[in-house]
Amino acid sequence: MSRRDSRAAAARGEKLITALDIGSWKVSALIAERGENGELNVLGTGQRESRGVRRGYVADMASTELAVREAVEQAERIAGVNIEDVWVSFSAGGLVSNIASVEVQLGGHRIEQEDIDQLLTAGRESIDPAGRMVLHAQPTLYTLDGLNGVTNPKGLHADKLGVDIHVVAAEPSPVRNLDLCVRSAHLEVKAIVASPVATGMTCLSDEERELGVALVELGAGVTNVSLFAGGLLVGLASIPIGAADITDDIASAFGTRRAQAERMKCFYGSATATPRDNHDMIEVAPISSEEGQGEAPRITRAQLIAVIRQRVEHLFGEIGKALKELGFTGPIGRQVVLTGGGAELKGIADYAQGLLGRSVRVGRPRGLTGLPDAHSGPAFATLAGLTRYAASDPLDLRSIQTAGDQTIVKASGSALISRLVTAFRTNL
């Protein structure tokens, strides 16, 4: 390769973004390129069955590493490029979102970049160790003499300058296991991103995040419920139930294999019932079936839906409790957005709307050009969100630390979250 070709390849490599979503059901990869106008063009995607992840946690390192390698290699073949680093999602339970607030005295002088840098340094130092690993520590909005919501304070005069820092943290061991698994597949980890943060970027509008919205990610093994208000992620809850539990219920109820149960759920399943369901018949292949044994057993679609609805009713009961604990009650919380593979179940939005008493829609990936139809559903929202998050080039306070320094946090700032939720209730 000539020096000119080498420079061209390096320049293109800087424009490439690779997202890697390691879930309980599938491992998926996406390679995108940033265009001249900032658009994100999808070059290639890959997907493999996830065999080593349980409830969002890596349970089998070798199986997960193999799935990661194969999914990325498939995306590389389609894209015609080789990649070295990836942005990785983290969706296991134990995520905590909080706001840390810091303030410095200025004495009324005009704010310079040096003042902002000193404030951010003070903000980084205000994040105290308490056993959790920081995934995000991002400055959001500034405060001038008590005035909230300032996006760029440079050039203004103030006696006091403050900033709110959005902190998302997780239990250290699962994050380290995920990191080790990806690096074992000979990939560098650019960042590990909390799934709700990534998914919210592609499924929610700026206005929704500002006015207040609940995002419910119906994954295979875990359902994450997150509350956005004032443009920030202000609350998180994790439920160890997912769409794979519906599949297991079907397999158990009708004595069939998981693959067959998944097919029945996708093709014939629904969260809502109709009188016609009593007449539609479905063939079931038993686990022990052999060729030539005669006709396969048959069930009505109503029987299938009854099994599905029992699990869905339990799941949304838990979601309702989580929303209530997060403050999504009373006159607030007019919008709930469902995403993840479980959101592809027929009738799920109508069912959720009736049970939760809120407006519900299904969130799908947005903001990417050339996304294949097979990867354009809610099951791939986190993958698309990771790509958009990476392209946004987010400022993280950890980047101004000395190399190798690991941030551990128990973020403060519950008063600010209370302010946001109070404003959320007032506005809605």
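Reply: Helices (H or I, at least four residues) and strands (E, at least two) are DSSP runs, numbered from the N terminus. The model is a predicted one, in which local features need pLDDT of at least 70 and side-chain atom pairs count only at pLDDT 80 or more, while totals for chains, interfaces and linings use all residues. Residues are numbered from 1 along each chain as its sequence is written, and side-chain values use heavy atoms, with hydrogens and water left out.

The protein has twelve helices and 19 strands. Of its 428 residues, 52% count as buried (under 20% relative accessible area, with exposed over 50% and partly exposed in between, for a 1.4 Å probe and protein chains only).

The part to look at closely is helix α5, residues 195-203. Eight of its nine residues are buried, so α5 is largely enclosed by the rest of the structure. The buried residues of α5 are Ser195, Pro196, Val197, Ala198, Thr199, Gly200, Thr202 and Cys203.

One partner of α5 is helix α11, which covers residues 381-391. The axes of the two helices (lines fitted to C-alpha atoms over the stretch in contact, with angles from 0 to 180 degrees between N-to-C directions) come within 7 Å and cross at roughly 85°. The helices α5 and α11 are therefore roughly perpendicular to each other (65 to 115 degrees, where under 35 is roughly parallel, over 145 roughly antiparallel and the rest oblique). From α5, Ser195, Val197, Ala198, Thr199, Met201, Thr202 and Cys203 take part in the contact, and from α11 they meet Ala381, Thr382, Ala384, Gly385, Leu386, Arg388 and Tyr389. Sorted by class, the residues of this contact are eight nonpolar, five polar and one charged (Ala, Val, Leu, Ile, Met, Phe, Trp, Tyr, Cys and Pro are nonpolar, Asp, Glu, Lys and Arg charged, and the others, Gly among them, polar).

Asp393 has its place in the loop between α11 and strand β19, residues 408-409. Although Asp393 is not a glycine, its phi is positive, at about 50°, and with 62% relative accessibility Asp393 counts as exposed. Elsewhere in the chain, Asp145 sits in the loop between β8 (132-144) and β9 (147-150), and this residue, again other than glycine, has a positive phi near 50°. Asp145 has a relative accessible area of 45% and is partly exposed.

For the surroundings, another helix pair is formed by α7 (residues 243-254) and α8 (residues 258-268), whose axes come within 8 Å and cross at roughly 110°. By class they divide into seven nonpolar, one polar and four charged.

Lastly, Ala306 belongs to helix α9, residues 301-325, and at 47% relative accessibility Ala306 is partly exposed. Between Ala306 and Ala273 there are 33 residues of sequence separation and 8.4 Å in space, taken from C-alpha to C-alpha.

Technical notes. Contact means heavy atoms within 4.5 Å.
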